Amino acid sequence: MRYAIYGVAFGFVFPLIAWTIDIIIEEIPLKGDELWEMHIDNPVLFIVDLAPIVLAALFHILYKKSEKIERRLQKIITERNKIIEQNSEFAKKIGEGDFSKELQVAKNDILGNSLIMMRKNLIATNKRESEQNWITKGKEQIGDILRYHNNLEELAYATLVSLVNYTNSVQGAFYIYDRDTKILTNIAIYAYNRRKFIKQEFKIGQGLVGQAAYEKEIIYRKEIPSEYTTISSGVMNDQKPKTILLSPLIGDEKLQGVLEFASFQEEIPDQSIRLVEEISGIIAQTVFNLQVNTRTENLLGESRSMTKRLQKNEDELRKNAEEMQSSQIEIEKANKNLASQIEEVEKSRKRLYSLLENASEVISIYDENGIVTYESPSIKHILGYNPEELIGRSGFKKYDEAANKKLKKAFYDLIENSNRPITLEYQYKKTTGEILWLETTGRNLLHNLAINGIIFNTRDITVRKVAEKAQRMSGQMEALSENSLDMIVRINPDGQFFYVNPTAEKFTGVGKRNIVRKTLDQVEIHNDIIIVFRDALTKVLQTHNKFDTETIFPNIDSNEERIVQFNAIPEFNEENELETILFIVHDITEQKQIQLEIEEKNKSITESINYAQRIQSAIVPSTKHILQHIPKCFIFYKPRDIVSGDIPWFLETEDFTYIAAVDCTGHGVPGALLSFIGYFLLNNIVSTQKEFDAGNVLDALHEGVRKTLKQDNPDADARDGMDIALCKIDYKNNILDYSGAHRPLYYLEKDAEELKQYKGTSKAIGGRPTKRKKKEKDFQNHKISYKQGDKIFFFSDGLPDQIGGEKGRKYKPSRIREVIIDNRNFTMSQFENYFDKDLSDWKENYKQIDDILMMGIEF
């Protein structure tokens with residue numbers, strides 16, 4: 001348009017200029033030739049004349065071109081408006097959620113391409129939300145099933161049905177992992193809309209099921225193995241699925257089972273795989289909790305049942321105990337010749353009371369191979385074992401050959417016939433030597449998930465066996481009483497005689513016929529005897545308890561008095577009313593005389609031992625004397641008896657100091673006699689052989705003991721001798737010589753973290769050599785350079801061999817080493833106090849088994 005205007009303007013202007021020029025020329029009186037020449041001579045005039053024509057043509061061309069450009073721009077604007085309208089319509093459809101509309105755009109259409117990309121993202125987001133909603137809905141369905149069911153098989157089947165239908169699978173299987181057998185077993189199969197009853201088992205790593213369990217990862221296969229098992233639909237025959245999915249069930253960080261799904265689809269949708277993967281952990285935890293709850297319920301049920309049986313057994317035992325009490329007491333005092341039987345019945349009565357106080361059974365569970373998987377804690381006080389000693393081992397090794405044979409036969413019978421319980425009785429010998437009667441009832445519960453084994457309930461029936469024996473004996477008691485050497489009398493609370501055995505005549509001088517049915521006031525018995533009976537009757541009536549005493553009866557046959565053991569035993573009826581009092585009178589005159597003789601002999605022996613102790617104390621160096629020469633030392637000394645076989649020995653010469661812990665064979669008087677020999681021989685050797693080192697001293701002591709005890713004779717049989725730990729100390733040169741016979745020396749350097757041990761020679765002082773033709777080795781001498789602050793410790797075997805602790809075991813040398821290392825900065829007196837207290841705590845109620853001697857020195 002602009003060029004057109006310019007053209008028009010020039011079209012008018014240049015003609016006007018030309019016209020003006022013409023007028024001027026016309027005013028000039030020129031001729032034509034002159035005018036032409038003037039144009040030739042003046043090109044400007046020529047150009048001025050042609051300029052309008054040229055400019056008009058030029059501006060016409062520009063005008064046409066500008067119209068073409070204008071039409072093209074108008075077309076572009078129209079097309080762009082159309083694109084904007086299409087993009088607006090496309091964006092509107094997307095905003096309304098309609099993603100079906102397609103949009104054709106050019107590559108340079110940024111807005112259109114952005115809208116297409118936005119639609120793709122929205123479609124993907126919508127798909128993910130749809131899949132997540134589908135997965136969430138599936139998880140809610142399975143969650144409802146898991147919360148509803150308490151039975152594992154019902155839960156497995158309901159879960160399987162829901163997942164198969166929800167994921168459009170053709171079949172599915174639910175496997176449970178048995179941790180004891182390490183086998184995966186299917187408990188539910190669902191295929192072609194119906195339940196299938198097919199049992200399948202897989203080991204870990206076997207097949208796809210075992211592989212999923214082993215790898216603990218989902219397995220998704222599109223290529224089905226040839227050995228894969230399919231379930232026939234009855235319509236589709238044995239058509240194999242096209243895809244399979246297996247997911248392990250991991251709960252409580254352990255394998256609980258495996259889920260298996262098969263489908264005719266070419267591919268299992270990702271959302272189905274995600275659903276199975278997410279729900280597997282929830283199912284696994286539910287299965288774990290359900291198994292734990294089931295096992296707990298089974299154990300509680302068995303516990304309640306066991307409690308009822310124990311209560312019933314306790315009532316029966318209590319009734320038997322009440323019936324047995326009077327019989328056992330009568331048997332106990334019936335006859336001197338039946339003392340052993342009476343003692344056994346009394347032991348049985350005590351075991352019976354102990355059983356009533358701790359009534360329980362031993363519960364044992366064996367696997368199919370006879371290995372113990374569980375022992376109840378009651379086994380400790382019934383059979384004397386800790387459960388930890390038996391679990392994981394064969395359950396038959398704790399019995400002797402006869403009991404072992406019975407139990408093994410019962411075990412294999414239960415394996416073959418799982419429906420019938422088996423009960424057997426046998427004798428059992430405890431580690432203490434005690435013989436028990438045991439009753440064991442076995443049941444096959446291998447099918448029970450909570451037990452998974454052969455269960456044995458074992459109880460101590462020793463009391464029952466003894467009771468049966470006592471019941472058999474009670475029928476014979478009347479005859480025993482008639483033949484008893486003791487006086488046996490039964491009197492009612494009013495003092496009337498109900499029963500008197502024939503022996504009563506020897507004690508009273510009055511026949512049976514003149515006593516029975518008469519009262520204490522009516523019988524013609526010596527008044528001293530009547531007074532004893534009346535006093536005992538009064539005390540029993542007041543206390544309703546047994547009354548025992550030793551008293552004097554006049555001897556009818558002589559003027560000497562008779563010493564008797566007098567027992568009054570109350571007897572009660574079923575209503576717990578005092579019915580009669582049983583009196584048993586046993587002549588102990590001879591027993592008392594023997595007892596007096598023994599007491600006199602014991603007194604004489606004790607006086608002799610005390611005198612020997614005074615002699616030993618006078619000879620053996622006292623702790624005070626040793627401390628005067630070695631201030632930094634301790635002597636922990638505990639003889640087992642009045643005199644000791646362990647003694648400390650000390651001697652100081654001009655150049656050396658000798659000190660030793662001597663442990664003689666035995667303890668008490670024999671050990672003390674040997675200690676005298678060792679003491680004097682050591683004094684003599686050290687005093688005469690000053691150049692001897694510690695090893696030479698022990699060699700000389702060995703020969704001296706053998707000669708003194710005549711053990712060097714060919715026919716000598718005495719093996720008595722001693723163990724010793726000997727130190728020779730050179731304080732001038734800081735040298736320690738050490739030699740030991742079976743005894744070590746512990747050496748602790750100052751600020752050291754470890755303890756050195758110098759072992760003694762493995763032979764004793766004295767004794768007959770085992771091989772007379774073979775030369776004995778000499779005692780080894782250890783030469784040690786010590787520094788100030790170093791410490792040494794040596795001891796007899798009494799301390800490490802002392803029994804104690806919770807399990808009744810030895811104190812052991814390792815414990816001594818630990819105490820020294822852990823308390824390396826202790827002074828000698830602190831070490832003594834520590835060992836004294838530690839030994840006391842360790843020993844507790846155990847008796848001291850040997851003399852104890854330990855010595856320590858700090859340089």
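**Notes on the charged side chains**

1. Start with Asp 737 and Lys 783, whose side chains pair up in a salt bridge at 3.0 Å, N to O; the term covers a side-chain nitrogen of Lys or Arg within 4 Å of a carboxyl oxygen of Asp or Glu. Asp 737 sits in strand S22 (residues 735-741) and Lys 783 in strand S26 (residues 782-785), so the bridge ties together parts 46 residues apart in sequence. Strands here are DSSP runs of E, at least two residues, and helices are runs of H or I, at least four, both numbered from the N terminus.

2. A word on the source: this is a predicted model, where local features need pLDDT of at least 70 and side-chain atom pairs count only at pLDDT 80 or more, while totals for chains, interfaces and linings use all residues. Residues are numbered from 1 along each chain as its sequence is written, and side-chain values use heavy atoms, with hydrogens and water left out.

3. Buried means under 20%, exposed over 50%, and partly exposed in between (1.4 Å probe, protein chains only).

4. The structure has 23 salt bridges. Among them, Glu 749 meets Lys 756 at 2.7 Å, N to O; Glu 749 is partly exposed at 26%, and Lys 756 is partly exposed at 40%.

5. Take a look at Asp 790 too: its salt bridge to Lys 787 has the closest N and O atoms 3.9 Å apart. Asp 790 is buried, at 0%, while Lys 787 is partly exposed at 47%.
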